[in-house]
Each structure stands twice: as structure tokens, then as C-alpha cells.
Amino acid sequence: MREEELNEKKKKMAMIVSSGTMDKLYSVMMLASAASSMDVEVHLFFTFWGLNALKKGGIDKAELPSNVGISTDMLKGRLKEVKIPTLSELLAMCKESGNVKIYACSSTMEIMNVKKEDLIPEVDEIAGAAAFTGIALDSNVSLFV
Amino acid sequence: MSDDLTITRNLDARGLHCPMPIVKINKAIKEMNSGEIIKVQCTDPGSKRDFQSWCEKTGNKLLEMSEEDGVFVFIIKKT
């Protein structure tokens with residue numbers, strides 16, 4: 001079977017990653033790494049605060065929101081203790097699977113004055129809402145995080 | 001296809017948490033030949049449901065699933 005035909009058959013999951021807090025990013029990265037390991041094609045569209053995760057060195061600087069009653073350092077310590085990978089490690093696994101595409105929202109880049117060279121090389125494309133809509137319409141699952 | 005049920009590979013995922021066992025089995029299965037059988041050991045209590053779902057969605061066959069002393073064992077045949 002040709003690769004295109006194989007891709008046609010793959011299930012798709014589309015996510016808008018609007019939040020840049022550590023808890024939300026963990027949800028996204030854990031789900032994406034699991035889904036990509038199940039032959040699901042995952043499309044992650046990073047917008048607003050989510051875009052910070054695509055800046056060089058940005059994803060591991062993500063912090064918890066202030067109202068959760070536990071500090072970012074406490075959670076990081078616990079994650080390390082139980083051997084949960086860091087966000088950047090999960091992102092690397094996602095890319096290694098070959099099933100995860102990463103998009104940076106072009107409007108957010110303009111608003112936040114983020115240049116292409118500020119972004120990590122894992123970003124596949126800079127795209128807008130129409131691109132995401134096209135992907136979401138062809139997806140089996142769409143999520144907003 | 002032969003009915004050989006010999007386990008040719010082992011994956012020790014004990015002590016790992018979701019999603020790592022699934023990431024690891026996916027990597028391992030890609031290195032296997034069709035018909036080969038792998039034994040996976042996990043301690044994550046979510047792995048029981050996760051491996052069933054993974055096998056169902058990837059089309060690989062879950063031949064056997066068991067639990068002993070908090071260790072889940074999955075015998076999976078690559079399709």
C-alpha cells in the first residue's frame with residue numbers, strides 16, 4: 001500500500017493548545033504521545049499562551065497556575081520521583097513517532113511578536129485558523145486545551 | 001502462517017507510568033517481524049485497559065493477559 005493510502009486510513013486527532021500552564025501541557029503531551037503510539041495522526045495547533053511552549057527552551061519553563069495549592073517545583077520533584085518524562089522529553093517522543101504534526105498560530109506570533117527563528121525546530125508549519133479547520137473537519141477527534 | 005507461540009522478545013515496563021509503556025510497546029513492535037510474539041510486564045494499573053485498547057486499535061493480537069503480585073503480563077503477537 002502506498003504511504004498516502006496508509007495515511008488516508010489513519011485515524012486523526014486535532015488539538016488546539018491554547019493554554020501554556022504545565023498541567024495542561026502535560027495533558028496534551030501525554031495524550032499526544034499515547035495516541036501517536038497507537039498509529040493515530042495527531043495535529044497540535046499552538047495558540048495564545050500555548051505558543052510559549054514552542055519557543056526555544058519554553059516548554060520546560062511552563063509553570064502551574066497559582067490557584068492549585070501546589071508549587072511547580074513540588075510537582076516537578078514528584079514527577080521526577082515517579083519517573084514521568086519531562087514535557088520536552090514527551091515532545092521528543094511525539095516527534096520520534098512520526099505521527100505528530102506541530103503548528104504555530106500565525107496570529108499569535110504576530111500578537112506576541114514571536115519570530116520563526118524563536119521557535120523550536122520541531123514546529124512543522126506556521127498556520128492559521130483555516131488550516132486548523134481543514135484538519136479538524138477531517139479528524140475523528142478534536143479537542144481544545 | 002505458523003502457529004508457533006514462542007516468545008521471542010521481552011519488554012520490561014515495570015515501574016513506568018502512562019504513557020511510557022504504550023510508547024515502549026509501539027517502538028518494540030516496529031522492530032518485530034509479523035507473527036513474532038512479545039511478552040510485556042507492567043506495574044501501571046492503567047496498563048490493563050491501555051494495552052487492550054492499543055492492541056484493538058493497532059490490530060496486533062493480545063493473546064494473553066494476566067496479573068500476578070501487581071505485575072500485569074501481556075502476550076502480544078505482531079500482526
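Which strands of chain B does helix α2 (residues 47-58) lie across? Before I answer, please keep in mind that this is a predicted model, in which local features need pLDDT of at least 70 and side-chain atom pairs count only at pLDDT 80 or more, while totals for chains, interfaces and linings use all residues. Residues are numbered from 1 along each chain as its sequence is written, and chains are lettered from A in the order in which they are written.

Helix α2 of chain B lies across β2, β3 and β4 of chain B, and runs at about 175° to β3(B). Helices here are DSSP runs of H or I with at least four residues, strands are runs of E with at least two, and both are numbered from the N terminus; angles, from 0 to 180 degrees, are taken between N-to-C directions of lines fitted to C-alpha atoms, for helices over the stretch in contact.

Those strands belong to an open sheet of four, ordered β1-β2-β4-β3 in chain B, with mixed pairing, where two strands pair if DSSP finds at least two bridges between them. Its edge strands are β1 (7-13) and β3 (61-68) of chain B, each pairing on one side only. Inside this sheet, β2 (residues 37-42) and β4 (residues 71-77) of chain B are antiparallel over six bridges, and one of the pairs joins Gln41(B) to Val73(B) in β4(B).

Helix α1 (residues 20-30) of chain B also packs on the sheet, where it touches β1 and β2 of chain B.

Turning to the other chain, eleven residues of chain B are in contact with ten residues of chain A, contact meaning that C-beta atoms, placed from the backbone, lie within 7 Å.

Key: Contact = placed C-beta atoms within 7 Å.
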